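Here is a short tour for a reader new to this structure. Keep the sequence and the 3D view side by side while reading.

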Amino acid sequence: MPQESMFSKWRRELLKDAQGKTLEVGIGTGKNIPHYPADVDLTGIDFSEKMISKARNKNSGSAKTELLEMDAEKMIFEDNTFDTVVTSCVFCSVPDPVKGLKEIKRVCKSGGKILMLEHVRSHKKVIGPLMDAFNFIPLNLYGANINRETYQNLLNAGFQPEQIKVENLWFDIVKLIRINNRK
Ligand SMILES: C[S@@+](CC[C@H](N)C(=O)[O-])C[C@H]1O[C@@H](n2cnc3c(N)ncnc32)[C@H](O)[C@@H]1O
């Protein structure tokens with residue numbers, strides 16, 4: 001996988017389009033926090049209390065940041081709460097990804113943006129099956145899958161192909177996914 005220095009560049013690219021009331025799902029230790037535009041009103045969630053406490057120590061570039069312990073598969077927010085929803089390297093590990101993506105669709109406003117930086121299963125002839133074969137290693141070590149079919153999961157969650165723009169950043173494995181949420 002690429003180094004964090006490359007991810008930093010991609011994080012900036014991802015987050016420059018965040019605006020208004022913004023939710024970051026699976027905020028982890030808060031690596032994205034310094035890269036948000038200053039006028040974003042940020043809420044970050046993670047189901048790990050340990051991650052949330054690490055994220056609290058990160059300096060925020062955004063004017064307002066709230067961090068909450070919460071499961072992406074069962075969020076407490078009202079429907080249509082957020083202008084932007086962000087994920088980065090999260091949908092490799094959400095236990096039921098389609099459930100989590102349906103929740104994102106629900107809490108994001110109609111006409112809102114969903115911005116995702118995710119690594120997924122390659123569709124190359126040899127690499128894809130190898131990712132399937134060796135998936136058990138990162139899964140057992142870090143709880144992360146290397147063979148998630150995130151695009152298909154988005155379709156299964158009810159997003160339409162015309163709403164989803166996908167850009168390959170590193171082979172066909174690391175992708176920037178921009179979604180125009182329509183309900
Ligand atoms: C690999 S880390 C990425 C963290 C951060 N987004 C980043 O880019 O550095 C994945 C994070 O997603 C969180 N996560 C996984 N499933 C989740 C869920 N169902 N609800 C909330 N957080 C979840 C994990 O606790 C972890 O902090």
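## A nonpolar surface patch

Phe 134 sits in the loop between α4 and α5. Helices are DSSP runs of H or I with at least four residues, strands are runs of E with at least two, and both are numbered from the N terminus. This is a predicted model, in which local features need pLDDT of at least 70, side-chain atom pairs count only at pLDDT 80 or more, and totals for chains, interfaces and linings use all residues. Residues are numbered from 1 along each chain as its sequence is written, and side-chain values use heavy atoms, with hydrogens and water left out.

Buried means under 20% relative accessible area, exposed means over 50%, and partly exposed lies in between (1.4 Å probe, protein chains only). Phe 134 belongs to a nonpolar patch on the surface, together with Val 126, Ile 127, Leu 130, Phe 136, Ile 137, Leu 141 and Tyr 142. Together these residues have about 840 Å² of accessible area. The most comes from α5, with four residues. Patch residues have over 30% relative accessible area and no salt bridge; like charges are joined within 9 Å, and nonpolar side chains (Val, Leu, Ile, Met, Phe, Trp, Tyr) within 5 Å. Accessible areas come from the Shrake-Rupley method with a 1.4 Å probe; for residues, only the protein chains shown count as cover.

## Salt bridges

How many salt bridges does a search of the whole structure find? The search finds 13. A salt bridge is a side-chain nitrogen of Lys or Arg within 4 Å of a carboxyl oxygen of Asp or Glu. One of them joins the side chains of Asp 132 and Arg 121 at 2.9 Å, N to O. This pair links distant parts of the chain, eleven residues apart. Asp 132 is in helix α4 (residues 127-133), while Arg 121 is in the loop between β5 (108-119) and α4. Asp 132 is partly exposed, at 35% relative accessibility. Arg 121 is buried, at 16% relative accessible area.

Other salt bridges form a network, which links Glu 13, Lys 16, Asp 17, Glu 167 and Arg 178. Lys 16 and Glu 13 meet through their side chains at 3.5 Å, N to O. Lys 16 is partly exposed, at 48% relative accessibility. Glu 13 is partly exposed too, at 29%. The side chains of Arg 178 and Asp 17 also meet at 3.5 Å, N to O. Here the partners are 161 residues apart: Arg 178 is in strand β7 (residues 174-180), and Asp 17 is in the loop between α1 (4-15) and β1 (21-25). Arg 178 has 24% relative accessibility and counts as partly exposed. Asp 17 is partly exposed, with a relative accessible area of 24%.

Strand β6 (residues 164-170) pairs with β7 in the antiparallel sense, over six bridges. Two strands pair if DSSP finds at least two bridges between them. Asn 168 stands opposite Lys 175 in β7. The two strands β6 and β7 form a hairpin with three residues between them. Phe 171, in the turn, has a positive phi of about 50 degrees.

Leu 117 lies in strand β5 and is buried, with a relative accessible area of 0%. The C-alpha atoms of Leu 117 and Glu 167 are separated by 9.7 Å, though the residues are 50 apart along the chain. Thr 22 lies in strand β1. Thr 22 is buried, at 0% relative accessible area. Its side chain reaches the backbone oxygen of Gly 20 at 3.1 Å.

## Around the ligand

Which residues come nearest to the ligand? Of the 19 residues around the ligand, these are Arg 11, Gly 26, Asp 46, Ala 72 and Ser 88. A residue is near a molecule if one of its heavy atoms lies within 4 Å of it.

A backbone N or O atom of Gly 26 lies 2.8 Å from a ligand nitrogen. For a backbone N or O atom of Phe 47, the distance to a ligand nitrogen is 3.2 Å. An N or O atom in the side chain of Asp 71 is 2.9 Å from a ligand nitrogen. On its own the ligand has 600 Å² of accessible area, and the protein covers 86% of that.

Note on methods
A polar contact is a pair of N or O atoms within 3.5 Å; within protein, one must be able to donate a hydrogen and the other to accept it, and residues adjacent in sequence count only if both atoms are side-chain atoms.
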